[in-house]
Amino acid sequence: MSGESYSSANPPHVTTQADASVACPHCGTEMPPTAAFCPACGWSMRPLPQKDRLLGALAYFTLLPAGVLLILPAFRAHRFIRFHAWQSVLIWGVFFVLIIISLSLSNVAAPIVLLLFGILLVLAMLFLWIVLSIKAWQGERFEVPWFGDLAGRLP
């Protein structure tokens, strides 16, 4: 036996939890090496192909591209594309329902207030559309509160 001594707490063949974690290249959060996305910032830990990133960004343009991506089985099999398509469908659906309600009520009560609400809603949707498209193009799984959690659970 050589002069090396091993403590029973850390034998040389066993890795500790600290050795088995990796840091997110985007925010530095520690996570398991098998994680697909960073739990803190949503950054993809595996590089996504440019095609997947493009289709994820395309899903936000309106309901039509998102619907097509959800119908075609070749695209539906990709978790990243499916998540962004579902989130887009949910966000655009709520947006259109709120616009229809706002327009129908603007003829009955408080037309100026509801018209201003509609304008602010359109500006907010434009901003959200730009941000979500950029995040998808960068390969991030950016979850909008309420919508992102639901989109992640839909098949």
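How many helices and how many strands does the secondary structure of this protein chain come to? Okay, hi everyone, let's start there. The answer is 6 helices and 2 strands. One thing to keep in mind as I go: this is a predicted model.

So how are those pieces ordered? Reading along the sequence, you get β-β-α-α-α-α-α-α.

Now, the inside. The chain has 155 residues, and 30% of them count as buried. Here's a bit of background: in soluble globular proteins, nonpolar side chains tend to be buried together. With that in mind, let's look at the cores.

The largest nonpolar core in this model has 12 residues, including L55, L69, F75, F83 and W86. Two elements each give two or more residues to this core: α2, which is 63-71, and α4, which is 79-106. The top contributor is α4, with 5 residues. Apart from that core lies another one, with 11 residues, and I91, L121, L132 and V144 are among them.

Let's zoom in on W86, a member of the largest core. What does W86 touch, once you leave aside its neighbours within four places in sequence? It's in contact with L70, A151, L154 and P155. Of those, L70 and A151 are also listed in the largest core.

Zooming back out to the whole chain: take the contacts with a separation of 6 or more, and 53% of them come from residues 24 or more positions apart.

Terms used. Residues are numbered from 1 along each chain as its sequence is written. This is a predicted model: local features need pLDDT of at least 70, side-chain atom pairs count only at pLDDT 80 or more; totals for chains, interfaces and linings use all residues. Side-chain values use heavy atoms; hydrogens and water are left out. A nonpolar core is a set of buried Ala, Val, Leu, Ile, Met, Phe, Trp, Tyr and Cys residues joined through side-chain atoms within 4.5 Å. Buried means under 20% relative accessible area, exposed over 50%, partly exposed in between (1.4 Å probe, protein chains only). Helices (H or I, at least four residues) and strands (E, at least two) are DSSP runs, numbered from the N terminus. Contact means heavy atoms within 4.5 Å.
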